[in-house]
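Reader: I would like a close look at one part of this model, not a tour of the whole. Please keep it plain and give the cut-offs as you go.

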Amino acid sequence: MFKRADYVVIFFALLLLPYLYVTLWGNGSYGEQVTIRIANQPPQHYSLYDNRRITIEGVLGDNLIEIKGGQVRFIEAPCQNKLCIQSGWLRHDGELAACLPNGVTVSVSGRDNRFDAINF
Amino acid sequence: MTESTITRPAPRRLTVWGLLGALLLTLGGCTEKQPLYQQQLLALGTLIDISIYGSDETTAQTAIKEVQGQMEQLHHNWHPWQPGKLMEINRKLAAGEEAALDDEGRFLINRGMTLSQQSGNLFNPAVGGLIRLWGFHSDDWSGKQPPAAADIATQVAAHPQMSALTLEEHRLRSQNPAVTLDLGAYAKGYAVDIAIKTLRQHGINNAIVNAGGNLRLIGSKGKQPWRIGIRDPRGTGVIASLESNSDEAVITSGDYERYFEHQGQRYHHIIDPRSGYPARGVIATTVIAADGLTADAASTALFIAGPDHWYQVAQAMGIKEAMLIDEHGTVHITRALMQRIHFEQKPAPTIHLVD
């Protein structure tokens with residue numbers, strides 16, 4: 001009854017299912033991408049699920065940023081107030097922490113990238 | 001594979017692969033790269049984030065470079081106590097002399113006088129002495145303490161107000177030597193206006209210029225409006241969002257932008273000219289207006305006015321879309337803004353609608 005081609009279609013359809021589930025039903029409020037913006041340099045993008053530590057050279061000195069288990073945070077900053085470190089872990093779409101004196105911001109955006117700008 | 005196995009089932013294979021291909025193309029369409037160009041600048045002591053939609057990269061880069069130069073010029077000219085135009089004006093006013101203004105200076109001071117009067121002097125760019133005493137312009141706040149109460153009292157008692165100024169053509173005089181101009185409460189709003197104007201001159205019609213809490217936008221992101229998130233004043237997330245595809249400014253003033261803590265008390269940078277101390281009772285205000293300068297001045301005035309008087313001040317300043325978050329987290333909001341804002345958090349905050 002089924003031809004070989006039908007199995008091919010069914011196979012690919014099943015293969016697509018998890019992707020479609022995540023894309024169409026996934027929780028939009030959880031972030032997926034980390035954007036690091038640095039003054040006078042192009043932005044850098046990382047996956048929120050790619051564990052790593054990143055050193056960013058800003059205006060004052062180096063920021064150390066850690067991505068771990070779907071979260072991101074500042075762990076070292078050359079500024080006086082360390083507000084960026086106090087912000088702690090970011091994980092949801094639209095969350096942002098800034099090391100203004102060093103000209104570095106870290107933000108999390110979700111699948112649907114809901115915000116074009118954050119008024120903070 | 002032999003020749004025959006390729007040719008025989010070809011029509012059906014083509015259909016299968018064609019269908020799969022079409023499906024993948026459709027899915028791919030969702031993540032198609034948008035012609036969005038983004039760049040961040042460090043100027044005016046803050047980060048300025050510029051997003052441009054639908055212009056080619058060379059145009060965007062050229063325009064942004066010009067904006068960068070303008071921002072540096074603004075900082076240099078209008079810094080209250082670094083050698084520049086404003087410092088020279090302040091020196092003359094303090095000496096009781098007449099100060100000559102250029103077109104930009106005349107515009108800024110004239111707008112400052114009008115807005116200060118409308119706000120009942122809550123927005124008061126004449127309190128440069130007080131602002132300097134608090135020292136919020138410095139980046140180093142470690143071990144910072146509030147100034148001596150007597151010094152604050154002296155500044156407040158001298159009643160520095162914009163009404164002491166007389167502006168004739170490009171000539172400015174002051175009847176009160178205590179007046180020291182500090183444009184900090186509306187300079188960034190003006191800066192985003194200038195930046196947008198420059199982008200327009202380069203033929204850019206869809207853009208956002210966001211200098212921290214000071215944002216102005218034009219146009220849209222293609223078929224979609226721009227989506228703006230307003231930061232939760234006590235978190236890292238977004239408290240509310242709104243969409244826009246017209247030319248307007250969205251400006252937020254908060255107690256979390258610049259502050260230090262001393263003996264458990266938070267001292268932020270929005271100083272009430274009546275007391276000489278940081279304004280109490282409010283954690284953030286957001287104002288939407290046609291231009292950044294007006295919205296910036298108004299967001300400061302509403303913050304100082306506080307939860308009981310902010311709406312009267314908004315009306316006096318001609319502001320229709322505004323909200324204030326008080327120290328308990330209650331959102332006080334005008335009906336006009338309520339109609340277009342979306343609260344992002346669950347449970348939604350307590351909302352006090354005013355009209």
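Reader: How many residues does the contact take from chain A, and how many from chain B?

Author: The contact takes 36 residues from chain A and 46 residues from chain B, where contact means heavy atoms within 4.5 Å. This is a predicted model, in which local features need pLDDT of at least 70 and side-chain atom pairs count only at pLDDT 80 or more, while totals for chains, interfaces and linings use all residues. Residues are numbered from 1 along each chain as its sequence is written, chains are lettered from A and ligands numbered from 1 in the order in which they are written, and side-chain values use heavy atoms, with hydrogens and water left out.

The size of an interface is often given as the accessible area lost when the parts come together. Buried area here is what two parts lose in accessible area (1.4 Å probe) on being put together, summed over both. Between chain A and chain B it is about 3,500 Å², and carbon and sulfur atoms give 55% of that. On the side of chain A, the residues that lose the most area to chain B are D116(A), N119(A) and F120(A), which together make up 24% of what that side buries.

The polar side of the interface can be counted too. There are 18 residue pairs in polar contact across it, both residues at pLDDT 80 or more; such a contact is a pair of N or O atoms within 3.5 Å, where within protein one must be able to donate a hydrogen and the other to accept it, and residues adjacent in sequence count only if both atoms are side-chain atoms. In chain A, the elements that each supply at least two residues to the side touching chain B are α1 (4-25), β1 (31-38), β7 (104-110) and β8 (117-119). Of these, α1(A) gives the most, with 8 residues. Helices (H or I, at least four residues) and strands (E, at least two) are DSSP runs, numbered from the N terminus. By class, this side of chain A has 21 nonpolar, 9 polar and 6 charged residues. For that count, Ala, Val, Leu, Ile, Met, Phe, Trp, Tyr, Cys and Pro are nonpolar, Asp, Glu, Lys and Arg are charged, and the others, Gly among them, are polar.

β8(A) and strand β8 of chain B (residues 226-231) run in the parallel sense, over 3 bridges; two strands pair if DSSP finds at least two bridges between them. In this pairing, N119(A) stands opposite I230(B), and N119(A) is one of the residues that lose the most area to chain B.

Side chains of opposite charge can pair when their charged atoms come close. A salt bridge is a side-chain nitrogen of Lys or Arg within 4 Å of a carboxyl oxygen of Asp or Glu. The rule gives 24 salt bridges over all chains and 3 across the interface of chain A and chain B. One of them joins K221(B) to D116(A), with the closest N and O atoms 2.7 Å apart. D116(A) is also among the residues that lose the most area to chain B.

Another salt bridge links E344(B) with R114(A), at 2.9 Å between the closest N and O atoms. This pair crosses between chains: E344(B) sits in the loop between β16 (341-343) and β17 (351-354) of chain B, and R114(A) in the loop between β7 and β8 of chain A. R114(A) counts as partly exposed at 22% relative accessibility, since buried means under 20% relative accessible area, exposed over 50%, and partly exposed in between (1.4 Å probe, protein chains only).

Within chain B, E243(B) and R227(B) meet in a salt bridge of 3.5 Å, N to O. E243(B) lies in strand β9 (residues 238-244) of chain B and R227(B) in strand β8 of chain B, so the pair ties together parts that are 16 residues apart in sequence. E243(B) is partly exposed, with a relative accessible area of 41%, and R227(B) is also partly exposed, at 24%.

These pairs belong to one network. D93(A), R114(A), R227(B), E243(B) and E344(B) are linked in it by salt bridges. The strand of R227(B) is β8 of chain B, which is the partner of β8(A) in the parallel pairing.
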